[in-house]
Structures are given as C-alpha cells and as structure tokens.
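Good morning, and thank you for coming. Please look at the structure as I show it, and follow the residues as I name them.

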Amino acid sequence: MMTSNEIRKAFLDYFASKDHHVVPSAPMVIKNDPTLMFTNAGMNQFKDIFLGNQQRQWPRATDSQKCLRVSGKHNDLEEVGHDTYHHTMFEMLGNWSFGDYFKKEAIAYGWEFLTEVMKINKDWLYVTVFGGDEKEGLEMDMEAYDFWKAHISEDRILKGSKKDNFWEMGDQGPCGPCSEIHVDIRPDEEKAKVPGRELVNKDNPQVIEIWNLVFMQYNRKADGSLEPLKAKHIDTGMGFERLCMVMQGKRSNYDTDVFQPLIQEIASKCGKHYGDNEQADIAMRVCADHLRAVSFSIADGQLPSNVKAGYVIRRILRRAVRYGYTFLGFTEPFLNTLVPTLVGQMGHQFPELQKQQELIQRIILEEEQAFLRTLAGGIKRFEDYAAKCNSKVVDGDFAFELFDTYGFPVDLTQLLASEKGLTVDMEGFQRGLAEQKERSRGAAKVESDDWQELLPGVEQEFIGYDCLEADVRIARYRHVKAKDKEFYQLVFDHTPFYGESGGQAGDTGVLKAENGEWRVVNTKKENGLIVHIVEQLPEDVSATFHAAVDADKRQATACNHSATHLMHYALRQVLGDHVEQKGSSVDPQRLRFDFSHFAKLSQEEIREVERRVNAMIRQCLPLEEHRAMPIAEAQKLGAMALFGEKYGDRVRVVKYGPSIEFCGGTHVQNTGMIGSFRIVSEGAVAAGMRRIEAVTAEAATDYADRQQEQLMALNEMFKGTKDLAGSIAKLQEENAQLKASVEQLQKEKAAGVAKGIADKLKANPVLVERMDSDVNALKDALMALRGDNPDMAVVLGSVTAGKPALLIVLGQNRVDAGLNAGQMVRTLGKEIQGGGGGQPHFATAGGKNPDGLDKALAVAKEMVG
Ligand code: ATP
Ligand code: MG
C-alpha cells in the first residue's frame with residue numbers, strides 16, 4: 001500500500017516527467033488580495049497569470065497546494081466531520097498549462113496518471129463534461145467529450161449542468177467549462193444493485209469527485225457577457241486526501257494515514273474507541289481536521305483574532321473545542337497537545353510547521369483556555385435563560401446571540417435545550433443568521449466596471465526605487481463603486497508610486513496635466529498591478545501626466561521601513577535567533593512590528609535594542625540593494641525567508657551592513673537619514689507573540705521632547721529635590737498611610753454610632769433618625785443587630801457631599817407582620833427625588849434633593865408607627 005507521502009510524490013514526479021515545473025505550495029493565508037482571505041484552490045497563486053497581469057515563468061507547472069475552504073464562495077465548514085470527504089484544510093494536487101497544452105493533453109494526463117500510475121480500476125471511474133447552457137448561449141463541450149471517448153466508454157461520460165461543469169473565478173474574469181473525474185468505491189454487491197453513473201454528483205459519500213479539470217477559455221465581463229480568451233489555460237485540482245482514500249482502499253479520508261495518527265491519539269486521550277459511536281466519531285474527525293487548519297494558519301502567520309481572517313480561524317478552533325467538550329468530555333485544553341503528532345507527520349513536507357511548533361502549541365493552548373471560559377459563560381447564560389423561560393421554545397434571537405457572542409453553534413443550543421425539554425425556534429435563528437450575512441455582504445460589496453484598455457499589452461513598470469516623479473500615461477482605468485464611495489483606479493505605463501504591499505503603506509501624491517490636477521489619494525497593489533486611486537477621472541485620459549509622489553511622506557515611511565530592518569536585526573541579537581518576524585506595518589507616522597518571543601521585554605532589553613539601532617543609524621550604513629537576485633544566492637548572503645510569504649525565483653534584497661532582508665519596500669539611501677529611533681510601546685499580541693511600536697526621525701525627536709516636558713513639569717512640582725523618583729515614592733507611601741488611618745477612623749466612628757444605636761434599640765425598637773455620616777457605612781452593623789432585635793424598625797437618613805440617602809432595616813417580627821422595607825423605600829425615595837430598592841427586611845435609596853430628607857423621615861415615622 002502506498003503511503004500518503006509516496007502518493008503525493010508520485011503525482012509531482014509524474015507531471016515533472018511531462019515537463020511541468022514543480023512549484024512549492026503558496027501560503028494558505030493570503031496577504032495582499034482584498035477579494036480573498038485564504039487560498040481555496042490551487043489556481044489562486046497563478047491568478048495574475050490567468051488575468052494577463054503577469055508573465056508566465058514556465059509554460060507548465062505542478063504542485064500540491066494547501067487550501068482552506070471555510071469562507072466565501074467555498075465554505076465546507078458545516079460538512080466537515082459529518083461527512084467523510086470534505087475538510088476545512090486540504091491539499092489540492094494540480095497541473096497547469098499557461099497558454100500551452102489544452103483539453104486533449106489534460107485529459108490524457110489525468111487518465112494516464114489515475115489508471116496507469118495509480119492503477120485505479122477503470123471500471124470505478126466516471127467523467128462529466130459540460131452539457132451546454134441555453135441562457136449563456138453555450139453549446140455542449142463536444143471537444144472534451146470526444147477526447148474522453150478515446151479513453152473511456154461512452155456510457156461513463158456524463159453531461160453536467162452549468163452548476164457542476166462550468167467554472168468561474170469570480171463574478172468577472174477567466175472561466176470555462178470543466179470536466180470532473182468521479183470514483184465509485186462502493187462494494188461490488190452495491191455496485192451490482194445501482195450503477196455508479198446514477199450516483200455521480202448525488203452526494204453519495206462513496207461515489208465522489210476526485211479531480212476537476214478546468215478548461216479556461218473565456219473571460220466574463222462586468223455586464224455578464226463572455227468573450228473568448230486569447231491564451232487558453234489548463235487548471236486542474238485533485239483532492240489529495242480523497243486520492244489517498246482510494247489508493248489505500250479505505251471508505252473515508254479519515255481512515256487514511258493522513259488522519260489516523262491524529263484520530264487515534266484523540267481516541268486514546270478521551271478514552272473512547274473510534275468507530276463505536278457516530279457522535280463521538282464526528283467529534284474526533286472535527287478535532288483532527290480543525291487542528292490541521294488552525295496549525296497551518298498559525299504557521300502561515302495568521303493568528304486567531306476578532307476580525308477578518310483571524311476571526312475565521314478562531315471560529316474553526318472554537319468549533320473543535322466545542323465538539324471535544326460536548327461529545328468527547330474534554331473539559332480541559334487538549335487540542336494543543338496534538339500538535340507534536342501533526343508536526344511529526346507533516347513537518348517533513350511543510351517545514352514551517354516544524355520550525356514553529358512551540359509557537360503553534362502555545363497559541364492554541366491560550367485560545368482553548370479562553371474559549372473554555374467563554375463556553376462556561378455561555379452555558380450559564382443559557383441556564384439562566386431556561387430558568388426564566390415560560391415557554392417550551394427557546395427564542396431564535398437568543399439562540400443567535402449565543403451563536404454570535406459566545407460562539408455557540410446552534411446544535412449545541414439545541415442539545416442544551418433538549419436536556420431541559422425545550423426546543424429552539426430555528427426559523428428565528430436562521431433569520432438572525434441571514435440578516436447578519438446580508439449585513440456583512442452589503443458592507444463588503446464592491447462593484448467594479450471592466451477595465452478600459454488604453455495601451456493594450458503595455459507591461460507596467462515600477463520606477464519608484466529611483467525617482468519620485470515621472471511623466472506617465474494611463475494604460476488602463478476603471479470605475480469602482482464601494483460601500484459609500486466611488487472612485488477610479490488608474491494603471492500607468494510606468495509609475496513612481498509605491499502600491500501598498502508587504503506592510504508598507506501606499507504612496508499618495510498628485511497628477512498634473514495642462515488642464516488640471518488630480519490627487520492620488522492612495523496606491524494599492526491588486527492582482528500584481530499597481531493601482532492609483534483618484535476621486536475624479538481626468539477628462540482627457542490619453543494625455544501625458546506629470547506624476548509626483550508626496551516626497552515628505554515617502555521619506556518618513558522609508559525611515560520607518562529601514563529602521564524596521566535594523567530593529568529586526570537588533571532584536572535577534574538581544575533576544576536570540578528564535579525571533580521571527582510575524583507582521584510588519586510601516587507608514588509615515590510609525591512602524592509596528594510583531595515577532596515571536598515568549599516573554600515580556602525588560603526595560604533593559606528595550607533600551608539595548610534602541611541603543612543598537614541608534615548605533616547602526618550613526619554608522620551611516622549605505623543601502624546595498626539587489627533588485628533581482630536568484631533566491632538561492634540571496635539565502636547564501638544570509639537573507640531570511642519569512643514563513644507565509646510567497647517568493648519568486650528572483651528576489652529583491654535590501655542590505656544595511658549586517659542586516660539583510662528580502663524586501664520589496666522603499667528605503668533610505670543611508671541609515672544616517674533615519675536620525676533617531678525610539679520604541680514607544682511593547683506588549684503581547686498573543687501567547688508567544690510580541691508587538692513593538694516605534695518612531696523615527698522627526699517623530700522620534702517629538703516623542704523625546706514630550707517626555708522631557710513631562711519630566712520638567714514633575715521637577716517643577718518637586719522643586720529642590722535631587723531624587724525625583726524617590727520623592728514621588730515617598731509621597732505615595734505617605735498617601736497610603738493616610739488612607740489607612742482614615743479608614744481606621746471611619747470604622748471606629750461607625751462602630752461608635754452602631755453601639756449608640758444598639759443602646760437606643762434596647763429602650764425603643766423603633767428608631768427614625770437623621771445622622772451626619774454616610775448611612776451606608778452602617779449597613780453591616782445594623783444587619784448584625786437584627787438577630788437580637790426581632791422587633792426593630794430602623795430608618796436612617798443622611799446627607800453626605802450634598803447627596804441624601806436612606807437606609808431601612810426591619811427585624812423579622814416586623815417583616816412577618818407585613819412591613820416591607822423595599823416597598824417603604826420606594827415611597828420615601830420620592831421625597832428625596834431618588835429611587836432605591838431592596839428586600840422586605842433591608843433597603844436603601846439615594847436621591848438628588850437633600851431638602852426632602854426631613855419629610856421622608858416624617859413619613860417613615862408614620863409608617864413604622
Ligand atoms: P465537492 O463537490 O466534492 O465539494 P468541489 O466541486 O467543491 O467538490 P473543486 O472546487 O472542483 O471541488 O475542487 C477540486 C478537487 O478538490 C475536488 O475534485 C476534490 O477532490 C477536492 N476537494 C474540494 N473540496 C474539498 C474539501 N472540502 N476537502 C477535501 N477535498 C476537497
Ligand atoms: Mg465543494
């Protein structure tokens with residue numbers, strides 16, 4: 001039996017033998033694409049080539065791509081665990097032709113690989129082709145049909161609808177018919193009863209799609225029409241785990257060696273046997289699957305958080321914790337303890353897991369702890385609700401609130417409800433869910449027109465490393481409508497503007513022509529293009545414009561970016577080599593840098609990092625820049641690749657003395673230009689992850705000035721002292737002593753008053769009195785008197801700091817006789833323009849009108865008689 005690692009290798013070897021370039025998996029977390037958070041198909045990393053924005057590096061490629069399908073167009077989350085062949089994170093094996101071979105070869109390769117290399121029984125296979133669509137005016141894909149006929153009998157070629165057999169990248173862009181390969185792994189006797197062809201695309205877990213061959217031949221325009229593509233492409237995707245299932249003779253992806261080590265470890269940890277109980281089995285599958293998804297995301301630099309991609313990851317993790325908690329009895333964190341097994345099994349193929357094992361484990365542990373607390377809070381919330389609930393049905397809005405704020409999947413709420421003999425209003429819940437989806441869809445909605453090409457075929461060039469101004473022409477533009485604004489995107493033939501990417505903010509600036517001036521309010525990088533955003537479109541779009549970047553802002557950003565490199569270097573020197581960059585953002589105001597490190601930085605460490613960076617600034621290290629160095633050479637120089645980043649074969653290297661980084665950003669010519677560097681904050685972002693914010697140049701001077709001003713103000717207050725810190729400490733100490741003695745005095749005073757009241761009660765159990773100190777301080781003392789004075793009826797009033805207050809305490813006999821302190825205080829409270837409440841034996845009220853206090857006490861006297 002082939003192991004999963006052998007199967008993956010066989011695939012890549014096969015396509016390499018057909019002249020395909022083997023490329024590494026791109027990161028699963030996508031950083032510079034506003035339309036997509038996670039890689040959900042192998043083709044994502046080639047999107048710019050298919051869109052025609054980027055030249056192909058090779059005509060053919062093959063890879064195994066980490067994918068995550070938990071949001072947007074592809075969301076399999078709810079299936080995962082319940083079925084046996086959908087995962088959140090999975091590997092997609094793919095082969096690609098960029099304008100090279102087309103349908104004939106793609107079909108022949110697919111068939112040969114499955115039947116000759118993998119030796120899958122031909123009688124188990126079915127294929128589908130696009131059957132045409134009247135509305136689109138598209139005919140059936142006869143080409144694909146005819147090519148398949150050469151390999152497989154016609155009764156195994158099925159026609160599919162647009163839904164299953166027409167693939168689109170999005171609302172716009174490249175698309176085309178596709179052809180799927182399905183495999184029937186049912187036992188022979190079942191095959192004899194129902195032929196497999198009747199079960200294709202019918203959600204049967206044992207007649208499933210394993211491979212999709214996409215034939216990209218059209219471009220979908222903004223108005224919905226299709227135009228033929230000049231260069232036709234092949235894009236295929238095969239589920240690696242599904243292939244392993246077929247090859248290892250299993251009926252479930254989870255029974256393969258990809259998942260079994262995890263499943264078995266979960267089973268032994270919870271003391272259950274996998275395969276005994278459907279609900280527990282589902283939960284084990286959920287935990288095994290989700291652990292992979294979360295670990296790979298963290299390895300790619302995406303931590304669980306409260307927003308966007310981070311929130312998606314947090315939800316996956318919580319789903320696993322919740323299934324473990326409810327169905328496997330894991331009331332303590334456990335997922336993190338599975339990380340070593342995952343790393344042992346996949347770390348070889350994915351070194352990013354191995355290198356960051358400790359970090360991944362710590363972050364998962366912290367998340368688990370936090371969520372287990374939330375879970376307990378949510379369950380308490382549910383119980384309080386159920387105790388008060390008069391109906392047999394749990395309100396849908398409440399179920400939605402549990403889902404939304406406590407991360408309670410609705411089936412957990414249903415489970416809790418059924419334990420109390422209740423049901424959940426599912427319609428109401430679904431309504432809440434639909435409304436929320438609608439809200440977030442509305443918020444994210446962006447409508448882009450088609451690009452208007454003015455200079456077709458022009459390849460855009462970035463010239464902003466060398467100059468800040470240039471004469472440019474518009475190569476293409478389009479109109480975009482987002483939530484509450486409209487703007488135009490311009491692409492130039494060449495541009496000095498830096499487009500936001502790699503954590504560096506985009507340039508702003510101005511375009512000038514004879515008849516006007518237009519502000520470039522931002523510059524972004526989208527699908528490999530540098531896109532300039534302007535609010536108004538110049539009338540004459542074919543003019544030549546003088547484009548000028550805002551030089552001051554660019555300079556400030558460059559100082560911050562270069563200082564980030566120096567600080568990264570200094571951090572590794574001061575703290576150690578385990579420091580890895582985890583996120584970086586630079587703009588004209590400041591720099592922010594996230595990195596792995598397991599403890600808070602001491603003041604001494606922070607000062608040391610500052611000292612080292614400032615020393616490198618004073619050395620005036622010149623910028624050494626290599627624009628297109630082969631990646632191996634760059635690594636030899638000592639530049640470190642970051643996890644979760646995608647690099648081409650050639651990279652840009654930025655070097656200042658000993659600091660060497662892969663970087664596409666803009667930098668100062670000489671470190672001396674940074675002038676000065678100050679760390680303004682240091683803190684935790686997550687377990688094992690720190691964040692530093694710092695300023696440079698003028699901002700650093702301003703920062704130092706503000707600190708100096710504060711110090712001078714303090715010196716002014718402590719005139720004459722030589723030891724400012726000592727003086728403040730002394731003052732604090734004195735203050736604490738004074739506070740303690742005031743408290744002591746107050747206690748003694750209250751005790752004295754209480755003693756006086758006790759004496760008075762001996763003579764007369766009814767006491768209505770105005771006092772000169774806060775009545776609330778007497779509460780405990782009076783409550784203690786109740787035991788010995790069952791007939792007592794005490795009403796005290798006071799005015800402190802201009803505010804009136806009332807306190808009522810009744811002995812048990814009084815309460816039994818029908819007096820009620822809570823009701824009394826409501827009536828009396830009105831006299832002092834206030835309100836209060838309490839129980840039958842004890843109540844308080846506060847108010848606004850001290851003049852009404854005497855009246856209130858007079859009324860009280862009547863009440864207690
Ligand atoms: P399905 O209908 O089974 O959900 P799909 O049509 O969504 O599949 P594609 O988008 O064509 O699948 O993806 C290509 C291949 O990736 C599929 O043929 C399948 O083998 C695999 N695949 C898709 N989704 C998943 C998933 N959630 N988990 C594991 N493998 C998957
Ligand atoms: Mg699917």
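Around ligand 1 there are 15 residues, of which Asp 76, His 86, His 87, Glu 209 and Asn 212 come nearest; a residue is near a molecule if one of its heavy atoms lies within 4 Å of it. This is a predicted model, in which local features need pLDDT of at least 70 and side-chain atom pairs pLDDT 80 or more, while totals for chains, interfaces and linings use all residues. Residues are numbered from 1 along each chain as its sequence is written, chains are lettered from A and ligands numbered from 1 in the order in which they are written, and side-chain values use heavy atoms, without hydrogens and water.

Which strand gives the largest share of the shell? That strand is β10, with 4 residues; strands here are DSSP runs (E, at least two residues), numbered from the N terminus.

I turn now to individual atoms. An oxygen atom of ligand 1 lies 2.9 Å from an N or O atom in the Arg 69 side chain, and a polar side-chain atom of Arg 242 is 3.0 Å from an oxygen atom of the ligand. For Trp 211, a polar backbone atom is 3.5 Å from a ligand oxygen atom. Taken alone, ligand 1 exposes 590 Å², and the protein buries 84% of that (Shrake-Rupley method, 1.4 Å probe).

Conventions. Polar contact = N/O pair within 3.5 Å; in protein donor to acceptor, adjacent residues only side chain to side chain.
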